[in-house]
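Please walk me through this model in the viewer. Tell me what to select at each stop and what to look for there.

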Amino acid sequence: ALASEACNGTVSLTTVCNTTALGYSAGCPSSVPQFECMSPERGQTCTELPDYNATCLEPVTCTDFKFPPNSHGNNLWPLYGEALEIECDVGYERTDGKGFTTRAYCLESGNFTAMD
């Protein structure tokens, strides 16, 4: 098997996450010289792949949103920074009088913000 098959993100040839003197070959802020980059960009997780002598940088995905009663959503597994759109079911509206839709955003922790 290839490292790319074991990783749902970007494969980096750096072998140690966040503790190496070598920079990541991918996933680092472009403003940081590669040799100084020792951690991935925000919204990425870092997993060592010792069997492949590589590192896997995967985007943070939020899951397990607790929908309010009488609502549904789209983009059920948003990545870091993306919104989960929540819409009231037909015949219902928000209890705060702000219409029929709202959003919750995916945080770096993998949790969601409060609905806006």
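## The disulfide

A search of the whole structure turns up one disulfide (a pair of cysteine sulfur atoms within 2.5 Å). Select Cys 62 and Cys 106: these are the joined pair, with S to S at 2.1 Å. The link of Cys 62 and Cys 106 is right-handed, with 85° about the S-S bond. Cys 62 sits in the loop between β3 (54–59) and β4 (71–74), and Cys 106 in the segment after β6 (101–105), so the pair ties together parts that are 44 residues apart in sequence. Strands here are DSSP runs (E, at least two residues), and helices are runs of H or I, at least four residues; both are numbered from the N terminus.

Before moving on, note the ground rules. This is a predicted model, in which local features need pLDDT of at least 70, side-chain atom pairs count only at pLDDT 80 or more, and totals for chains, interfaces and linings use all residues. Residues are numbered from 1 along each chain as its sequence is written, and side-chain values use heavy atoms, with hydrogens and water left out.

Now colour by accessibility. Buried means under 20% relative accessible area, exposed over 50%, and partly exposed in between (1.4 Å probe, protein chains only). Cys 62 is buried at 0%. Cys 106 is buried too, at 3%. Show the surroundings of Cys 106. Leaving aside neighbours within four places in sequence, its contacts (heavy atoms within 4.5 Å) include Val 60, Pro 78, Tyr 80, Glu 82 and Asn 111.

## The core

Which residues make up the largest nonpolar core? Select Cys 62, Phe 65, Leu 84, Ile 86, Ala 104, Cys 106 and Phe 112, seven residues in all. A nonpolar core is a set of buried Ala, Val, Leu, Ile, Met, Phe, Trp, Tyr and Cys residues joined through side-chain atoms within 4.5 Å.

## β5 and β6

Select β5 (83–88) and β6 (101–105). The two strands pair in the antiparallel sense over five bridges; pairing requires that DSSP finds at least two bridges between the strands. Find Leu 84: opposite stands Ala 104 in β6.

## Ser 71

Go to strand β4 and pick Ser 71. At 16% relative accessibility, Ser 71 is buried. Its side chain reaches the backbone oxygen of Pro 68 at 2.6 Å. Beyond neighbours within four places in sequence, Ser 71 is in contact with Ile 86, Glu 87, Cys 88 and Asp 89. Of these, Cys 88 is buried at 15%.

## Two positive phi angles

Most residues other than glycine have a negative phi. Select Asp 64: its phi is positive, about 60°, although Asp 64 is not a glycine. Asp 64 lies in the loop between β3 and β4 and is exposed at 62%. Next, Asn 75, also not a glycine, has a positive phi of about 50°. Asn 75 is in the loop between β4 and β5, partly exposed at 36%.

## Confidence

Last, colour by pLDDT, the predictor's confidence in each residue, from 0 to 100. The protein's mean is 76, and 73% of its residues reach 70 or more. Over residues 18–30 the pLDDT is below 50; beyond near neighbours in sequence, this stretch has 44 contacts in the model. Residues 32–37 are also below 50, with eleven such contacts. Where pLDDT is low, the predicted coordinates should not be read in detail.

Definitions and conventions:
A polar contact is a pair of N or O atoms within 3.5 Å; within protein, one must be able to donate a hydrogen and the other to accept it, and residues adjacent in sequence count only if both atoms are side-chain atoms.
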